[in-house]
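Hi,

Here is the model I promised to pass along.

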Amino acid sequence: MSKIVLSIVFSLVSCFSVAQSKKVKVDTLATAMPLTFTTYWGPVGTGNAPAAQIAAIAPAAILVKDNAGKLYPVNGFRINYKFKSTYRDDESGQTKSMQDLRVGDFNNTSQLSQVWAESIKDNVKPGDTILFNQVLFRNLKGKQQLAPALKIVVR
């Protein structure tokens, strides 16, 4: 009886070990490189840009590109425009400067409004910082997705 039980146990162990030793072939061509996205304002990406270039591209569209170069439609974004402004102190009569911040949300568009574009075009100067964040675009599946923020420091 013990020989029968022992032979059944060995049979089960050998079947289990044979089933586990099968190798699975992996198709390396089917594995795609993951998409990474980059945000641009016209031709300008994150980094430094001269004031003249920023003034020239003020009416340009916000673009989202993947690492393969494909463009995606932008549905909305937020702009944060940080700049130095001056004012005259009534008590001392001196001109003083301070950091100012203007924020605007844009929905169902990939461009700044004409008022915003004209304001940037007329007032941009070295030291200003322009940040585009909350950039929404439609991905390959048609779903909305957030793109990376775009930060430009004007030089």
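The side chains of Asn139 and Gln145 are joined by a polar contact of 3.1 Å (that is, a pair of N or O atoms within 3.5 Å; within protein, one must be able to donate a hydrogen and the other to accept it, and residues adjacent in sequence count only if both atoms are side-chain atoms). A polar atom of the Asn139 side chain also lies 3.0 Å from the backbone nitrogen of Lys141. Asn139 belongs to the loop between β7 and β8 (144–146), with strands and helices taken as DSSP runs numbered from the N terminus (E, at least two residues, for strands; H or I, at least four, for helices). Asn139 counts as buried because its relative accessibility is 19%; the cut-offs are under 20% relative accessible area for buried, over 50% for exposed and partly exposed in between, with a 1.4 Å probe and protein chains only. Not counting residues up to four places away in sequence, Asn139 touches Tyr72 and Gln145, where contact means heavy atoms within 4.5 Å.

Before the rest, two notes on how to read this. It is a predicted model, so local features need pLDDT of at least 70 and side-chain atom pairs count only at pLDDT 80 or more, while totals for chains, interfaces and linings use all residues. Residues are numbered from 1 along each chain as its sequence is written, and side-chain values use heavy atoms, leaving out hydrogens and water.

On to the overall layout. The chain has three helices and nine strands, in the sequence pattern α-β-β-α-β-β-β-β-α-β-β-β. Of its 155 residues, 30% count as buried. Among contacts with a separation of 6 or more, 63% are between residues 24 or more positions apart.

Strand β3 (residues 62–66) is joined to β4 by two bridges, and Lys65 has Leu71 as its bridge partner in β4.

Leaving out residues up to four places away in sequence, Ile130 touches residues including Trp41, Ile54, Ile79, Ile120 and Ile152.

Thr129 is in strand β7 (residues 129–138) and is buried, with a relative accessible area of 18%. Beyond its neighbours within four places in sequence, Thr129 contacts Asn80, Tyr81, Lys82, Lys151, Ile152 and Val153.

Last, which residues of α3 are buried? They are Trp116, Ala117, Ser119 and Ile120. These sit on the same side of α3 because they cover an arc of only 165° around the axis, taken from the directions from the helix axis to the C-beta atoms. Their cover includes β1, α2, β5, β6 (95–107) and β7. The face turned away from the buried side carries the exposed residues Gln114, Val115 and Asp122.

Cheers

How values were computed:
Pairing = 2+ DSSP bridges.
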